[in-house]
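This briefing is intended for a reader who is meeting the structure for the first time.

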Amino acid sequence: MKIQFTKKAYKEFQKINKVNTIKFDQLFNALRELEKNPYSNKYKTYKRNPKFKRMRVGNYRICFKIQKTDIVIVRVRKRDKVYD
């Protein structure tokens with residue numbers, strides 16, 4: 001499967017790269033893992049919207065949805081701000 005970003009998620013991801021490169025590398029490796037196995041049980045679904053799933057990487061959350069052939073990353077933010 002191929003990973004795609006929304007415009008907003010891409011900006012958030014690039015902002016993390018400027019601020020904290022170590023965390024960026026961890027998030028990048030987590031996205032590679034997601035690409036290999038998107039249907040793993042360690043990704044939790046949203047209670048409010050079951051179409052979306054979330055992935056935990058330290059204090060950050062990667063919110064995504066799985067479409068037919070793509071994984072669409074919707075948000076990449078810190079834990080306390082991702083659900084706003």
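The axes of helix α1 and helix α2 (residues 21-36) approach within 6 Å and cross at roughly 140 degrees. This makes α1 oblique to α2, where angles under 35 degrees count as roughly parallel, over 145 as roughly antiparallel, 65 to 115 as roughly perpendicular and the rest as oblique. The model is predicted: local features need pLDDT of at least 70, side-chain atom pairs count only at pLDDT 80 or more, and totals for chains, interfaces and linings use all residues. Residues are numbered from 1 along each chain as its sequence is written, and side-chain values use heavy atoms, with hydrogens and water left out.

**Helix packing**

- Axes are lines fitted to C-alpha atoms, for helices over the stretch in contact, and angles run from 0 to 180 degrees between N-to-C directions.
- To the contact between the two helices, α1 contributes Phe 13, Ile 16, Asn 17 and Val 19, while α2 contributes Thr 21, Phe 24, Leu 27, Phe 28 and Leu 31; contact means heavy atoms within 4.5 Å.
- Helices (H or I, at least four residues) and strands (E, at least two) are DSSP runs, numbered from the N terminus.

**The sheet**

- Five strands form an open sheet in the order β1-β5-β4-β3-β2, with mixed pairing; two strands pair if DSSP finds at least two bridges between them.
- The edge strands, β1 (2-5) and β2 (44-45), each pair on one side only.
- Strand β4 (residues 60-66) runs antiparallel to β5 and is joined to it by seven bridges. Ile 66 stands opposite Ile 71 in β5.
- Helix α1 packs on the sheet and touches β1, β4 and β5, its direction making about 50 degrees with that of β5.
- Cys 63 has Arg 75 in β5 as its bridge partner, and three residues lie between β4 and β5 in the hairpin that they form.
- Strand β3 (residues 52-57) pairs with β4 over six bridges in the antiparallel sense; Phe 52 has Lys 65 in β4 as its bridge partner.
- The hairpin of β3 and β4 has two residues between the strands, and Gly 58 there takes a positive phi near 65 degrees.
- Five of the seven residues of β4 are buried, so β4 is largely enclosed by the rest of the structure. Buried means under 20% relative accessible area, exposed over 50%, and partly exposed in between (1.4 Å probe, protein chains only).

**Salt bridges**

- The structure holds two salt bridges, a salt bridge being a side-chain nitrogen of Lys or Arg within 4 Å of a carboxyl oxygen of Asp or Glu.
- Glu 12 and Arg 77 form one of them, with their closest N and O atoms 3.7 Å apart. Glu 12 lies in helix α1 (residues 7-19) and Arg 77 in strand β5 (residues 70-78), so the pair ties together parts that are 65 residues apart in sequence.
- Glu 12 is buried at 12% relative accessible area, whereas Arg 77 is partly exposed at 25%.
- Leaving aside residues up to four places away in sequence, Glu 12 touches Arg 75, Val 76 and Arg 77.
- Lys 42 and Glu 33 also meet in a salt bridge, at 2.0 Å from N to O. Lys 42 is exposed at 51% relative accessibility, and Glu 33 is partly exposed at 35%.
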